[in-house]
Every structure is written in C-alpha cells, then in structure tokens.
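Here is a short report on one protein chain. Sequence and coordinates come first, then the reading.

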Amino acid sequence: MPDVAERLRTFLIAGASVTAIVAQRVHQGVVPESSEPPFIWYRRARTDEPRTLDGGSPSGYEQYFDIECVSEDLGEAQTLAYAVRDRLNNYRGSFADSTVKGIFVEDHSDDYVPRSVSSDDVAHVAALSVQIIP
C-alpha cells in the first residue's frame, strides 16, 4: 500500500492542469539530473498527531509537505503553483487508493529556502506548504 507521499504524487499527476505543464515530472526528495524545468519537487516536512475533521476517530497522522513549482519562466512557475493549489486546496475525498478528510494549501513563508534547485541554476520557484489530514 503506498504511503501518503506516493499518493500525493499520484493525485497530482491525475490532475489535467498540472500534467499539462509538467507531464510526469513530479519528484519526491531528489530531482533527477535528466529532469528539465518545469517540474514539481516535494518532500514530507513533518508529521503531527492524528486529527479528525468530522468528529470521528482519527485515521492517521496529519502530514505536511513542502511543494516547489519550478520553471525557467516566472509566469509558468506561478501558473503551475495555481494549478497545484486548485488541485489540492480544500479537497476531501478519494486520494489515490485511499481517502482524505482534508487537504489545505498555503504559500510558503518569505524566508523559505528552495531545496530543489542549486544556486547556479536559473530557475524560478513558487513554494507551497501542504497539510494532509487522512
């Protein structure tokens, strides 16, 4: 059974507006050298105590992810970030082979340091923070 991080990738790739920009270039943890922008990079940032939104029993640990939308064009990076936000924010329901009670998206703080690109890369990064409640 895939974990939440794998389900997140599957769910993002299933979104037509996301794949129209990045195709299958959604990378967890490490960006392959062969991957050219635009792409999405993500990693699990932290895990918190179980939480419920419906008064029932919690079904798993709340998880947070950093998501970076990377492109050589600033407008495209922002468009990709909007597509990811539209796909995820305030979503509840089927999530790959599972369900979620809620997904919430915010812009990352201004002091966030992108991790998907090296300092000598010419790329724009739109960073998001994603909270997933199973």
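Is F11 buried or exposed, judged by its relative accessibility? At 6% relative accessibility, F11 counts as buried. Buried here means under 20% relative accessible area, exposed means over 50%, and partly exposed lies in between (1.4 Å probe, protein chains only).

## Basis of the model

This is a predicted model: local features need pLDDT of at least 70, side-chain atom pairs count only at pLDDT 80 or more, and totals for chains, interfaces and linings use all residues. Residues are numbered from 1 along each chain as its sequence is written, and side-chain values use heavy atoms, with hydrogens and water left out.

## Overall fold

The protein chain holds three helices and six strands. Their order along the sequence is α-α-β-β-β-α-β-β-β. Helices (H or I, at least four residues) and strands (E, at least two) are DSSP runs, numbered from the N terminus.

The C-alpha trace spans about 50 × 30 × 25 Å along its principal axes. Buried residues make up 40% of the 134 residues.

## Helix 1

Helix 1 is mostly covered, with seven of its ten residues buried. These are V4, A5, R7, L8, F11, L12 and I13. D3 caps the N-terminal end of helix 1. A side-chain oxygen of D3 lies 3.2 Å from the backbone nitrogen of A5.

## Helix 3

Helix 3 covers residues 74-88, 15 residues in all. From first C-alpha to last it reaches 21 Å, close to the 21 Å expected at 1.5 Å a residue. The expected span is 1.5 Å times one less than the number of residues. Its buried residues are A77, L80, A81, A83, V84 and L88. Seen down the helix axis, they fall within an arc of 160°, so they line one face of helix 3. The arc is that of the directions from the helix axis to the C-beta atoms. An α-helix has 3.6 residues a turn, so residues three or four places apart point the same way.

The face turned away from the buried side carries the exposed residues Y82 and D86. D73 caps the N-terminal end of helix 3, with a side-chain oxygen 3.2 Å from the backbone nitrogen of G75. After the helix comes N90, whose phi is positive, near 60°.

## Aromatic pairs

How many aromatic pairs does a search of the whole structure find? It finds three. Rings of Phe, Tyr and Trp (its six-membered ring) pair if their centres lie within 6.5 Å; planes under 30 degrees apart count as stacked, over 60 as edge-to-face and the rest as tilted. The rings of F11 and Y91 have centres 4.8 Å apart and planes at 50°, so this pair is tilted. F11 lies in helix 1 (residues 4-13) and Y91 in strand 4 (residues 91-95), so the pair ties together parts that are 80 residues apart in sequence. Y91 counts as partly exposed, at 22% relative accessibility. Ring pairs link F11, Y91 and F95 into a cluster.

Y42 and F65 form another tilted pair, with ring centres 6.2 Å apart and planes at 55°. Y42 is in strand 2 (residues 39-50) and F65 in strand 3 (residues 61-71), 23 residues apart. Y42 is buried, at 0% relative accessibility. F65 is buried too, at 0%.

## Charges over rings

The charged end of R87 sits over the ring of F11, 3.7 Å from its centre. R46 lies over the face of Y64, at 3.7 Å from the ring centre. A charge sits over a ring if NZ of Lys or CZ of Arg is within 6 Å of the ring centre and within 35 degrees of the ring normal.

D66 is in strand 3. At 4% relative accessibility, D66 counts as buried. Which side chains does the side chain of D66 contact? A polar contact of 2.9 Å joins D66 to R43. Another, of 2.6 Å, reaches the side chain of H108. A polar contact is a pair of N or O atoms within 3.5 Å; within protein, one must be able to donate a hydrogen and the other to accept it, and residues adjacent in sequence count only if both atoms are side-chain atoms.
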